[in-house]
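Here are my notes on the structure you sent. Please read them beside the coordinates.

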Amino acid sequence: KVCNRVVDSTGQPVLGACVVLNRWHTHTDPAGFYHWSVEDPLPEQVTLRVYKRYSGDYETLETTVALSQLESEPIMLKNR
């Protein structure tokens, strides 16, 4: 299971951000957390896309990261 948070440039949680990992997606809770149950075989890398729908307050983040790095630090969405 992978768990992490999405925060803004000031470190505040982003509620309702869409987190897309490969083809799977979820939304963050009021504290900015998301949870992903990973099935075997575990991917070494995932395509990560994080955005806040219906809001122009944040930039969209798109990158490829190692699965092992997903929990190392919160994901930051830059404020516009």
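1. First, a term. Two strands count as paired if DSSP finds at least two bridges between them. Strands here are DSSP runs of E, at least two residues long, numbered from the N terminus. The model is a predicted one.

2. Start with one pair. Strand E2 covers residues 18–21 and is joined to E3 by four bridges. The two strands run antiparallel. Within this pairing, Val 20 has His 25 of E3 as its bridge partner.

3. Where does this pair sit in the open sheet of four strands? The order is E3-E2-E5-E6, and the pairing is antiparallel. Strand E3 (24–27) and strand E6 (61–66) each have a single partner strand, so one side of each lacks a neighbour in the sheet. On average, neighbouring strands of the sheet are turned by 20° against each other, direction ignored.

4. Now the whole chain. It has seven strands and zero helices. From the N terminus, the elements read β-β-β-β-β-β-β. The radius of gyration is 12 Å, and the globule rule gives 12 Å for 80 residues, so the chain is as compact as a globular protein of that length.

5. On dimensions, the C-alpha atoms fill a box of roughly 35 × 20 × 20 Å along the principal axes.

6. Contacts next. Take those with a separation of 6 or more: 51% of them link residues 24 or more positions apart.

7. Last, burial and surface. Of the 80 residues, 34% are buried. The chain exposes about 5,200 Å². Carbon and sulfur atoms supply 46% of that area.

Methods
Residues numbered from 1 in each chain as written. Predicted model: local features only at pLDDT ≥ 70, side-chain atom pairs only at ≥ 80, totals over all residues. Heavy atoms only, no water. Axes fitted to C-alpha atoms, helices over the stretch in contact; angles between N-to-C directions. Rg over C-alpha atoms; globule rule 2.2 N^0.38 Å. Buried < 20%, exposed > 50% of the residue type's maximum accessible area, 1.4 Å probe, protein only. Contact = heavy atoms within 4.5 Å. Areas by Shrake-Rupley, 256 points an atom, 1.4 Å probe, with all protein chains shown as cover.
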